[in-house]
Amino acid sequence: MARAMFILWSFSAILVILLSFSAILVGSANLTGVPVGVNWGSQASHPLLPGIVVRMLNDNGIKKVKLFDADAWTVSAFAGSGIDVMVGIPNSQLHDLASSPANARDWVQKNITRHIRNDNGGVDIRYVGVGNEPFLTSYNGSYMKTTFPALQHIQKALDEAGFGDKIKATIPLNADVYESLSNIPSEGNFRKDIHDLMVQIVRFLHENKAPFMVNIYPFLSLYQNSKFPLDFAFFDGGSQPIQDKNLQYTNVFDANFDTLVWTLKKNGVEDLKIVVGEVGWPTDGDKNASPKLAKRFYDGLLKKLANKKGTPLRPEPLLVYLFGLFDEDMKSIAPGGFERHWGIFRYDGQPKFEIDFTGQGKDKMPIGALGVLYLDRQWCVLKKDSLKKMTEVGAEVDYACANSDCTSLTYGSSCNNLDMQGNISYAFNMYYQMQDQSVEACKFNGLAEIVQQNASQGNCLFPIQIESAGERTRLSYGANILVGLLLILFSLVL
């Protein structure tokens with residue numbers, strides 16, 4: 001039986017690989033390239049196979065993707081796909097790149113040159129993101145001295161490699177690098193503590209014809225200020241507009257963007273290109289994070305982009321990367337539980353709500369990921385008589401949530417209305433699934449049990465985890481060995 005199961009799983013792995021390779025050949029014939037890109041984050045405990053993701057992007061007509069690192073397996077999956085790629089450099093690598101131009105040249109050789117000259121048609125890399133929001137105040141200036149030199153060295157290395165005209169290095173920055181104390185766009189300028197540094201950076205970007213990349217989050221404006229008008233976070237009106245000189249702002253995105261435009265103008269680079277590196281709306285983990293509000297936000301944004309409408313100061317079409325593609329269950333929740341729920345798609349690549357990426361208002365469920373393998377259809381729940389042992393249960397729940405993701409249980413979230421039995425069972429199951437359904441992961445000091453009946457309740461999903469990309473690779477490796485042995489056996493028989 002065990003041998004038969006191995007053969008079954010091995011051939012399933014082969015099927016997944018074939019589906020992955022077909023990503024560059026199969027897509028939706030009725031979709032054209034949409035005017036947006038998407039962010040594909042990597043902080044998930046069980047990531048999907050890159051080939052599956054590339055196919056999903058093509059199936060939905062999405063032709064631009066922004067990555068947060070330059071993982072070779074991920075980047076190489078885009079070879080010949082027709083998708084523009086932005087690769088990233090984590091903040092942890094800035095020091096090495098800033099300390100030596102030779103390190104930057106090595107990085108470009110390893111992470112750019114090898115992919116552009118890929119035998120499968122090459123990867124269409126357009127940008128390199130040097131760091132990720134390195135000037136957040138929460139970093140206490142940790143990357144203040146290394147970010148700009150790293151940017152300079154990477155752009156020079158791209159130029160020397162012959163890619164400088166096509167591939168531009170930039171820094172994905174949070175919108176907090178500029179400010180307007182009155183919330184009026186025309187009063188915007190760079191933060192005082194980084195003003196001089198930012199002026200050097202934007203002038204360098206301008207000289208090298210690279211864009212300023214900014215992350216703008218209307219949701220955070222709402223989350224961080226209880227008095228912020230809800231409707232002002234969206235694009236469909238209904239809120240009191242902001243008047244700035246002869247211009248009127250009906251939403252916070254436009255006002256924030258034009259605060260940056262004013263900031264650039266005041267610092268001598270009025271015509272510097274701007275790319276919105278991240279913008280989106282979460283679907284869980286907070287009272288204002290829901291699929292309904294996310295749909296409202298994306299509907300307005302995508303319609304604006306489809307109509308090629310910019311902002312009052314920059315009326316030309318915008319280049320925007322939506323955040324994000326999938327939920328990420330290992331992101332820090334220091335900012336809030338919603339951080340793990342920015343995905344338009346769930347952790348397993350299945351869509352959460354209807355959306356039209358073309359902005360034409362033809363809402364339908366996006367095409368989900370194909371070829372996804374799930375773990376067994378079983379859940380870990382609290383034994384019914386275990387509620388009597390609450391002194392023991394509390395510690396077990398704390399452990400489960402500390403080592404998994406219980407953000408859907410927070411106030412206003414999708415699983416907020418469960419009873420005590422349900423809350424405990426949810427926590428146990430999340431830990432159990434994250435531990436790949438290990439029998440030992442459903443012990444909890446004898447308080448839990450494994451069941452085959454779906455434990456989900458109403459809108460609260462008790463998920464079954466997917467096979468992780470690493471496990472899938474092991475299976476496919478086993479499949480290759482099996483196929484090789486079979487070929488040898490057949491040759492001997494014949």
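Reply: Helix H7 (residues 195-207) lies across E5, E6 and strand E9 (212-215), contact meaning heavy atoms within 4.5 Å. The direction of H7 is at about 125 degrees to that of E9; axes are lines fitted to C-alpha atoms, for helices over the stretch in contact, and angles run from 0 to 180 degrees between N-to-C directions. Helices (H or I, at least four residues) and strands (E, at least two) are DSSP runs, numbered from the N terminus. Helix H9 (residues 252-266) also packs on the sheet, where it touches E9 and strand E12 (274-279). The angle between H9 and E12 is about 145 degrees.

Me: What should I bear in mind about the model itself?

Reply: The model is predicted, so local features need pLDDT of at least 70 and side-chain atom pairs count only at pLDDT 80 or more, while totals for chains, interfaces and linings use all residues. Residues are numbered from 1 along each chain as its sequence is written, and side-chain values use heavy atoms, with hydrogens and water left out.

Me: In what order do the strands of the open sheet stand?

Reply: Strands of a sheet pair through backbone hydrogen bonds, either parallel or antiparallel. Here, two strands pair if DSSP finds at least two bridges between them. The open sheet has nine strands in the order E5-E4-E3-E2-E1-E13-E12-E9-E6, with parallel pairing. Strand E5 (168-170) and strand E6 (172-174) are at the edges; each has a single partner strand, so one side of each lacks a neighbour in the sheet. From one strand to the next, the twist averages 25 degrees.

Me: How many bridges join E1 to E13?

Reply: Three bridges link strand E1 (residues 36-40) with strand E13 (residues 319-322), and the two run parallel. Val 38 has Leu 322 in E13 as its bridge partner.

Me: How many cavities of 30 Å³ or more does the structure hold?

Reply: On a 1 Å grid over the protein atoms alone, a cavity is a set of points where a 1.4 Å probe fits but cannot get out, and lining residues have an atom within 4 Å of a point. Grid points are joined across faces, edges and corners, and a volume is the space filled by probe spheres set on the points. Four cavities reach 30 Å³ or more. The largest holds about 90 Å³, and its lining includes Trp 40, His 46, Asp 327 and Tyr 347.

Conventions. 1 Å grid on protein atoms, 1.4 Å probe; cavity = no way out; pocket = protein on both sides within 12 Å on 5 of 7 lines; lining within 4 Å.
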